[in-house]
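Please describe the aromatic contacts and one of the sheets of the structure shown here, with the criteria behind each term.

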Amino acid sequence: MTHTHNALSTTQVRHLIGGEWKHASDGATFESIDPHDGSLLGVVPKGTAEDGQAAITAARHAFDSGPWPQMSPKERAKILHAVADKVDEHREELAQLETRDGGKGINQSLHAEIPRVAHNLRFFADYASMAANEAYPDGDLLSYVLYPPAGVVSAISPWNAPLMLATWKIAPALAFGNTAILKPAPQTPLTAHRFAELALEAGLPDGVLNVVHGFGGEAVAGPLTSDPRVDRITFTGSSATGVKILQAAAPNHTPVSAEMGGKSANIIFADADLDVAVPMSIRAIFGGNGQVCLAGSRLLVQNSIMDEFLERFVDEANKLSVGDPKDPSNFIGPLIEQRHLDKVHGYVELAQQEGGKVVTGGARLTGDAHAKGFYYPPTVITGLTNDSRTAQEEIFGPVETVLGFDTEDEALRIANDSRYGLAGMLFTQNLDRAHRMAARWKAGTVWINCFFERDLRLPFGGEGASGLGREGGQYSRDFFTEPRAVTLRLRG
């Protein structure tokens, strides 16, 4: 069954279960809406618990009886590279779908996120086929380690980087021989649907990848997190949802990898190169419309350069063009939906109640170019302390809180004074300071004089409310396999 592939027309989305395209079991649907103008992009099955169970059954059958887990890593890699080839071939189409469905700027979709989708597939395909295994000879004993696939993987992905983060989960799961069920966020279902079509065209066996759409809770996502036939759960999303998933998985002892929220500190020292620090700091909070878990949403500036830095930062923020994300000249597009826009603005109002000053932005854009969309401008707030709710809670929008500090120890204390621990950014020319702070920083990733540079061999994840576990390179292998020790006594 095929559907329209024109990114500018309405898509009839279906579940993919066991290689077959299906409606929701009860026929219910919901609409995927363009956050730029409210136009209809797709009609999507509103999945049920029965749909989730059917997808698990299909994935279980494909793992227990199908060819995929029995293939060699190189055989699986050949197919995953073919899927990556399809992604490259349809990059423009996928980027348009991503931009229209989620409101992300076309430059980011076309030149960063969709290319990263193909890179995720290629990296893990090659990593699985080339990763070294351990052997431990000891006299007449030889011990070694096997890495068989864990089984059925539930992958629950978010709306802010839909296909990039979906394939961050799917690629290693499949490369190491598992079968998977992907549940995309209901706000952004279109690229997951199209990707599934391309994967089948590339030769992925039926049931190896299943895609079910809908909302969470007790509906489609319920079985994906509580069914004992599921062997691994990988999740990216809010901390509150992550806790619910951990609770659902606990009775079955199902391992969970969860990458959740963030309130990352971005620390600017007086010796920083401001020609680097200012544009990087702009990107760190306003890129992706501010809807990024890694965002540097607490900007800590050494007081001796506060005035100069803030003047340059606000000036650059005011230059950012806000508008139709399909226009490559716009840097910031719409927020994902009305409810989220209300949440973001609610925090700006809260900040003012807490004594903060809105230096720029701070109100929904309602002019002709923005009237039909969920547009919010780059917003900068000063005058808060780190114990304010605005500085402690994740806003997930283009809102920066600026805090001052005097000493290195004070900066680190503020940075670590958070329930989150996902990432951190540090701008300084003092290499000793950079090493000292990175060693003491409560964060899964620390970027020094840069932002969002990703080597897929590195561990990715967070501390505290930012998550549980790590993925990437060997860390993904450890999670998506069941390491098995084998010891053999050799005959003399």
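The structure holds 14 aromatic pairs, where rings of Phe, Tyr and Trp (its six-membered ring) pair if their centres lie within 6.5 Å, with planes under 30 degrees apart counted as stacked, over 60 as edge-to-face and the rest as tilted. One of them is the tilted pair of Phe451 and Phe452, at 5.9 Å centre to centre and with 35° between the planes. This is a predicted model, in which local features need pLDDT of at least 70 and side-chain atom pairs count only at pLDDT 80 or more, while totals for chains, interfaces and linings use all residues. Residues are numbered from 1 along each chain as its sequence is written, and side-chain values use heavy atoms, with hydrogens and water left out.

Phe123, Phe124, Tyr127, Trp168, Phe176 and Phe460 form one aromatic cluster.

| Charged residue | Ring | Distance to ring centre |
|---|---|---|
| Arg232 | Phe479 | 5.7 Å |
| Arg477 | Tyr147 | 3.7 Å |

An open sheet of seven strands has mixed pairing and the order 15-16-17-14-13-19-20, strands being DSSP runs of E with at least two residues, numbered from the N terminus, that pair if DSSP finds at least two bridges between them. Strand 15 (357-360) and strand 20 (445-448) stand at the edges with a single partner strand each, so one side of each is left without a neighbour in the sheet. Strand 16 (residues 379-382) pairs with strand 17 (residues 399-405) in the parallel sense over three bridges, and Val380 stands opposite Glu400 in strand 17.

Notes: A charge sits over a ring if NZ of Lys or CZ of Arg is within 6 Å of the ring centre and within 35 degrees of the ring normal. Helices (H or I, at least four residues) and strands (E, at least two) are DSSP runs, numbered from the N terminus.
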